[in-house]
Amino acid sequence: RNWFETHSFNFDWSLYLRDDKAVKSQYAGFEWDPQMLRQKMDDARLQLEYLARPAKVLSPGSYRAFLAPAAVEEIMSLLSWRGFGTKSQKTKGSPITRLVEASVQLHPSVFLEEDVKGGVAPNFDGYGFLKPERVPLIEQGKHVGSLTSARSSREYGVHATGASEGEQPESLAMKSGHLARQNILSVLGDGLYINNLWYMNFSDAPLCRMTGMTRFACFWVKNGRIENPLNVMRFDDSFFRMFGENLEGLTAEQELQLSSSTYEGRSTQSSKLPGALIKELKLTL
């Protein structure tokens with residue numbers, strides 16, 4: 001028998017302007033800091049003022065872009081679906097099969113792991129098998145490990161990592177980089193500031209190509225300053241490109257995000273992710 005307890009908080013809110021114009025924010029963690037909440041609320045209020053400006057319409061094409069941690073989380077959430085499990089990788093059903101086979105690799109700054117110790121999920125699976133404190137998945141842009149359930153361990157003769165039957169990450173973490181969040185606009189220069197994505201799906205799973213829509217507060221940045229909010233746009237690009245040849249840097253700050261899902265019970269999934277500066281992001285319409 002195993003027993004587990006954790007203490008955390010998750011404050012999820014939106015500031016609403018009109019119609020579909022809103023700024024979505026989240027503050028999650030283990031120790032409440034009123035100053036951090038005040039800072040996040042001030043940032044959201046400022047973005048709400050930008051949303052009141054006339055929207056900018058962009059033509060389809062490739063644009064320099066900054067993906068905030070919440071947008072990166074949407075990408076990683078889709079990637080986690082069959083991406084990191086031993087069974088899906090062994091049966092070639094994983095969207096990162098080419099990464100597993102080393103025919104492609106990501107930017108050397110990309111490190112991904114299942115950070116059991118840093119999350120809010122139990123350190124054992126539903127059958128009681130214990131999990132290690134961390135399971136490295138990608139290091140220096142290369143595949144180094146997988147999430148393995150007890151069933152896959154027996155079937156493929158590999159060491160189990162206490163993963164659930166679905167072999168999906170429950171406490172995914174990406175190593176931070178060196179970009180300071182307060183300097184992102186100036187480093188971005190001209191391009192897209194994307195806070196949120198949604199309606200994510202694979203447009204070509206073997207190529208790890210994803211498609212989705214911009215959502216909530218996304219902006220056009222000119223000369224390092226926010227000019228206008230963006231009309232809703234669809235992107236279609238490969239994860240291998242976004243976090244490979246086109247990745248220019250990751251923020252020095254990670255953001256802890258706890259799932260707000262209550263489907264069949266309160267979710268204990270979490271992620272700890274930085275923002276990402278992308279040299280080219282393909283918009284299709």
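Trainee: Is Trp 32 buried, exposed or partly exposed?

Mentor: Keep in mind that this is a predicted model. Trp 32 has a relative accessibility of 45%. Buried needs under 20% and exposed needs over 50%, so Trp 32 counts as partly exposed.

Trainee: How many aromatic pairs are there?

Mentor: Ring centres have to lie within 6.5 Å for a pair to count. By this rule, the count of aromatic pairs comes to 9.

Trainee: What kind of pair do the rings of Phe 9 and Tyr 27 make?

Mentor: Their ring centres are 4.9 Å apart, and the planes meet at 70°. Planes over 60 degrees apart count as edge-to-face. So Phe 9 and Tyr 27 are edge-to-face.

Trainee: How many residues apart in sequence are the parts that this pair ties together?

Mentor: Phe 9 belongs to strand E1, residues 9-18. Tyr 27 belongs to strand E2, residues 21-29. The pair therefore ties together parts whose separation in sequence is 18 residues.

Trainee: Is Tyr 27 buried or exposed?

Mentor: Buried means under 20% relative accessible area. Tyr 27 comes in at 6%, so Tyr 27 counts as buried.

Trainee: And what kind of pair do Phe 9 and Trp 32 form?

Mentor: Here the ring centres of Phe 9 and Trp 32 are 4.9 Å apart, with the planes at 65°. That angle makes the pair edge-to-face.

Trainee: Which residue lies over the face of Phe 111?

Mentor: Look for a charge within 6 Å of the ring centre. At 4.5 Å from the ring centre of Phe 111, you'll find Lys 175.

How values were computed:
Residues are numbered from 1 along each chain as its sequence is written. This is a predicted model: local features need pLDDT of at least 70, side-chain atom pairs count only at pLDDT 80 or more; totals for chains, interfaces and linings use all residues. Side-chain values use heavy atoms; hydrogens and water are left out. Rings of Phe, Tyr and Trp (its six-membered ring) pair if their centres lie within 6.5 Å; planes under 30 degrees apart count as stacked, over 60 as edge-to-face and the rest as tilted. Helices (H or I, at least four residues) and strands (E, at least two) are DSSP runs, numbered from the N terminus. Buried means under 20% relative accessible area, exposed over 50%, partly exposed in between (1.4 Å probe, protein chains only). A charge sits over a ring if NZ of Lys or CZ of Arg is within 6 Å of the ring centre and within 35 degrees of the ring normal.
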